[in-house]
Amino acid sequence: MARTSAVEMWTGVSTVLACLVVAWTILKQYLPSQIDTYIHHAVGYIYPYIQIKFREFSGERLKHSEAYAAIQNYLMLAASARAKRLRADAVKDSKSLVLTLDDNEEIIDVFHGVKVWWSSSTHVSMKNFNFSLYPQLEENRYFQLTVHRNYRGMIMEQYIKHILDEGKVIAVRNRQRKLYLNEPSSSWHGYRSKKWSHVVFEHPATFETLALDSAKKKEIMNDLEKFTKGKEYYARIGKAWKRGYLLYGPPGTGKSTMVAAMANFLNYDVYDLELTTVMDNSELRKLLIETSGKSIIVIEDIDCSLNLTGQRKEMEVKKDDVESDDTAKKLAKDNENKPSKITLSGLLNFLDGIWSRRGEDYRTTNHVDKLDPALIRRRRMDKHIEMSNCRFEAFKLLAKNYLGLDDAHELYPRVRNLLEVAEMTPADVAEHLRAKSTDDDGDKCLKNLVAALESKVNVTLRGGELVLKSN
Ligand SMILES: Nc1ncnc2c1ncn2[C@@H]1O[C@H](COP(=O)(O)OP(=O)(O)OP(=O)(O)O)[C@@H](O)[C@H]1O
């Protein structure tokens, strides 16, 4: 009985409120605008807070708002720690569900000692105004920021920038990273055409697992860190915010593994650019324009991809040999047969940052001596990293990774001596250690490695000393 009367009472209250809203809307049309302004001032006097709404979809074409996404990420930590009611949203490109405030839930944030209130609500409206028995409703969520009007300037100038920046950083940390591969230009046209296809980037390599001299590793990590924090510096000196690395060394020394470790360290996407399928400079430009920031562009085996040095030499030959018809014809024919017509200057333009977006680019090569000097000048390749055969320090890390060996093993001195003379790549060493299938056959793996190393060198006794000589 009491329950029924409460329901009746609330029904009555809501009817009165609805009437008031309707009456106010009608009255407002007939009130002089000055009175309307007075009322607003009076409300402003009694209620000294300002409110700002950030809608999920904005603009005429209802685009997903970047500000909303950044605020959602920014509030995620505070919401999951303090809010009582949360909503879990699947957000595009995010590794996991994003927890956010549920409707009509509120949390407090404090910025430089100033308290602000965040709440989340949903605005429901008719999708179109056609009369229909089944009108379609459209939901648009929004976050509302409430703050005392005394702090208006600080909030507008600093706080909003702060949450947008922080939110973007969190988004980068949480995003599902991708490995992009360029499509040949024949598939760039038509329905759902694309220049890059992608898969989720899940390479597990990190600097911890990368077998490399520790001082070199530290130097590279510091360099990367400095680069990521250098946005303002690059802007100040008027240089594209990018950095070029040349990784060179024999096959199997870990160049691709290094790129993966760098991508994981920076939390960047990877664009694997296969130059042989890019027909000319214009195609190269179109591909690069479609890459996004926070990415590494890798040109693997640049020495094999294009005969860039050759092209330059041929051009020089052409200049000297203009008299010789036969030579000119031969060179023209050679050029026709070449699958890709990317020129040295096209590639250099990219390296100089004319077309490139911010990000990094890496070239890997097994033959540094084959590259044109113009291509690897320090200005274009900021850092040259030599990936070498396996040294003892690198071996110890591989043994730790694959065999779980932390302490020195009795075979270690032998391995150390052998590695100094036997040229073995980390990939080959890893191959022997990877053969471990049960817990106790680590020893067997090490012995196999020693045997393999010994077979690569001559062991001779000189004056009672064991001397190792490379084959
Ligand atoms: N420095 C290293 N640290 C850890 N693992 C390594 C290292 N070098 C090679 N490996 C192992 O060897 C495999 C092959 O190495 P990777 O492909 O990185 O060599 P690469 O120098 O890029 O070779 P290529 O020139 O043939 O492309 C890797 O999958 C990894 O398991």
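**Figure 1. The largest nonpolar core of this predicted model has 50 residues.** The model is predicted, so please read each view here with that in mind. Inside the core, the residues with the most contacts are Val259, Val270, Ile296, Val298, Phe395 and Leu398. Helix α7 gives the largest share of this core, six residues. Domain 3 (180-306 + 342-386) and domain 4 (392-470) both contribute residues, so the core lies between these two domains. A second, separate core has 15 residues, among them Phe54, Ala69, Leu75 and Met76. As background, nonpolar side chains in soluble globular proteins tend to be buried together.

**Figure 2. Strand β9 (residues 178-182) pairs with strand β10 (residues 196-200) and with strand β12 (residues 269-273).** In which sense, parallel or antiparallel, does β9 pair with β10? The pairing of β9 and β10 is antiparallel and runs over five bridges. Within it, leucine 179 stands opposite valine 199 of β10. With β12, by contrast, β9 pairs in the parallel sense, over three bridges. Here leucine 181 has aspartate 272 of β12 as its bridge partner.

**Figure 3. Asparagine 267 has a positive phi.** Its value is about 70 degrees, although asparagine 267 is not a glycine. To find asparagine 267, look in the loop between α7 and β12. Is asparagine 267 buried or partly exposed? Asparagine 267 has 14 other C-beta atoms within 10 Å, so it counts as partly exposed.

**Figure 4. Lysine 294 is a residue other than glycine with a positive phi.** The phi of lysine 294 is near 50 degrees. Lysine 294 sits in the loop between α8 (281-289) and β13 (295-299). Because lysine 294 has 17 C-beta neighbours inside 10 Å, it counts as partly exposed.

**Figure 5. Phenylalanine 111 touches Val116, Tyr159 and His162, leaving aside residues up to four places away in sequence.** Phenylalanine 111 belongs to strand β6 (residues 106-111). How many residues apart in sequence are phenylalanine 111 and glutamine 158? These two are 47 residues apart in sequence, and their C-alpha atoms are 9.4 Å apart in space. Phenylalanine 111 has 16 C-beta neighbours inside 10 Å, so it counts as partly exposed.

**Figure 6. The protein as a whole gives the setting for these views: it has 471 residues.** Its secondary structure comes to 17 helices and 17 strands. Of the 471 residues, 23% count as buried. Among contacts between residues at least 6 apart in sequence, 70% join residues at least 24 apart.

How values were computed:
Residues numbered from 1 in each chain as written. Predicted model: local features only at pLDDT ≥ 70, side-chain atom pairs only at ≥ 80, totals over all residues. Helix = DSSP H or I, 4+ residues; strand = E, 2+ residues; numbered from the N terminus. Buried ≥ 20, exposed ≤ 12 C-beta atoms within 10 Å, placed from the backbone. Contact = placed C-beta atoms within 7 Å. Core = buried A, V, L, I, M, F, W, Y, C linked by C-beta atoms within 7 Å. Domains from an automatic or database assignment. Pairing = 2+ DSSP bridges.
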